[in-house]
Amino acid sequence: MTNKKISRKELLKTPDEFLTLSSRAAAYFHAHLRELKIAGIVVAVVLVGYLSVYGYLRYVNQKGQEAYDLASDVLTNVSATAEKTEAAATPDSADLKKADGLFQAVIDDYGSSKAARLALPQVGHIKFSQKAYDEAIPYYGRFAKEMSGHRQYEDLASLAQASCYEAKGDFKKSISILTPLVEAPDNPFRETAMLNLERVYRLDNQPEKARDILTRFVQ
């Protein structure tokens with residue numbers, strides 16, 4: 001069976017496919033012009049919103065870091081002065097209080113910045129230095145919550161909280177925090193936790209448990 005050859009005249013009579021699609025597309029856009037305008041406005045609003053949020057967060061991170069650096073400089077000066085005088089900074093030191101206020105400002109004014117998370121343990125450390133243990137503990141807790149999923153930071157926060165409870169004389173609470181750290185073989189701070197737990201057991205008049213921890217530490 002032979003294929004019938006289409007003549008040039010017949011080809012010219014056939015509607016051009018591209019022109020047909022173009023006319024259909026034009027008709028569709030004309031019929032849905034209002035909906036397309038609305039969709040375009042929505043996309044523009046979403047884009048502007050995204051850029052605004054991104055720009056704001058970038059600004060907050062920058063300002064938060066600047067405030068954190070300022071507070072760190074003050075705290076570093078406190079430590080440097082203490083080393084020169086061969087004495088620890090006094091709890092009521094004016095510079096220590098100034099550093100405390102500056103770190104607190106990072107948390108309060110730039111709470112959504114990355115620097116705010118790092119300021120939490122700094123405030124906790126200053127509170128601990130001022131022997132305000134009950135005030136220090138929540139800051140370490142907030143830091144652990146902010147760093148949830150990052151095991152090493154959570155464990156460091158737990159060590160700090162245990163030290164606070166030990167310092168205030170709540171040895172049972174300190175033991176309850178340190179024990180899980182000691183029992184976790186993959187904990188990078190396990191040896192530190194063991195020595196701390198041994199000390200707290202002695203303070204809590206549990207010498208046998210203290211010796212057991214030391215034996216495990218040597219092993």
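Me: Which residues is Y139 in contact with, once its neighbours within four places in sequence are left aside?

Reply: In this predicted model, Y139 is in contact with Q104, I107, L120, V123, G124 and K127, when the neighbours within four places in sequence are left aside.

Me: What does the chain as a whole consist of, in helices and strands?

Reply: The chain has 10 helices and 0 strands, and of its 219 residues, 31% count as buried. Among the contacts with a separation of 6 or more, 51% are accounted for by residues 24 or more positions apart.

Me: How many residues does helix α5 have, and what span should I expect for it?

Reply: Helix α5 covers residues 114–129, which is 16 residues, and at 1.5 Å a residue these should span 22 Å; the C-alpha atoms at its ends are 24 Å apart, which agrees.

Me: Which residues of α5 are buried?

Reply: Start with the general idea: an α-helix has 3.6 residues a turn, so residues three or four places apart point the same way. In α5, the buried residues are A115, A116, A119, L120, V123, G124, I126 and K127.

Me: Which residues of the largest nonpolar core touch the most other members?

Reply: In general, nonpolar side chains tend to be buried together in soluble globular proteins. Here the largest nonpolar core has 23 residues, and those touching the most other members are Y68, L75, F103, V106, I107, A119 and I126. Helices α3 (33–84), α4 (94–109), α5 and α6 (133–146) each supply at least two residues of this core. A second, separate core has 22 residues, including I175, L178, L197 and Y201.

Me: What is I126 in contact with, leaving aside its neighbours within four places in sequence?

Reply: Counted in that way, I126 is in contact with L75, L96, A99, D100 and F103. Of these contacts, L75 and F103 are, like I126 itself, among the core residues that touch the most other members.

Me: How do α7 and α8 pack, and at what angle?

Reply: The general idea is that two packed helices are described by the angle between their axes and the distance between the axes. For α7 and α8 the angle is about 160 degrees and the axes are 8 Å apart. An angle over 145 degrees counts as roughly antiparallel, and α7 and α8 are therefore roughly antiparallel to each other. The contact is made by D155, S158, L159, Q161, A162, Y165 and E166 of α7, together with F171, K173, S174, I177, L178 and L181 of α8. The crossing in which α7 passes α8 is left-handed.

Me: Which helices do the buried residues of α8 pack against?

Reply: They pack against α7 (151–167), α9 (190–203) and α10 (207–218); the buried residues themselves are F171, S174, I175, I177, L178, L181 and V182. A residue to look at in α9 is N196, which counts as buried because its relative accessibility is 12%. Residues up to four places away in sequence aside, N196 touches L159 and L178.

Me: What is the phi of K131, and where does K131 lie?

Reply: K131 has a positive phi of about 65 degrees although it is not a glycine, and it lies in the loop between α5 and α6. K131 is exposed, with a relative accessible area of 59%. A132, found in that loop between α5 and α6, counts as buried at 18% relative accessibility. A132 and A167 are 35 residues apart in sequence and, C-alpha to C-alpha, 9.9 Å apart in space.

Me: What is the phi of N205?

Reply: Phi of N205 is near 60 degrees, a positive value in a residue other than glycine. N205 is found in the loop between α9 and α10, and at 69% relative accessibility it counts as exposed.

Definitions and conventions
Residues are numbered from 1 along each chain as its sequence is written. This is a predicted model: local features need pLDDT of at least 70, side-chain atom pairs count only at pLDDT 80 or more; totals for chains, interfaces and linings use all residues. Side-chain values use heavy atoms; hydrogens and water are left out. Helices (H or I, at least four residues) and strands (E, at least two) are DSSP runs, numbered from the N terminus. The expected span of a helix is 1.5 Å times one less than its number of residues. Buried means under 20% relative accessible area, exposed over 50%, partly exposed in between (1.4 Å probe, protein chains only). Contact means heavy atoms within 4.5 Å. A nonpolar core is a set of buried Ala, Val, Leu, Ile, Met, Phe, Trp, Tyr and Cys residues joined through side-chain atoms within 4.5 Å. Axes are lines fitted to C-alpha atoms, for helices over the stretch in contact, and angles run from 0 to 180 degrees between N-to-C directions. Angles under 35 degrees count as roughly parallel, over 145 as roughly antiparallel, 65 to 115 as roughly perpendicular and the rest as oblique. A crossing is left-handed if the near helix is turned anticlockwise from the far one by less than a right angle, and right-handed if clockwise.
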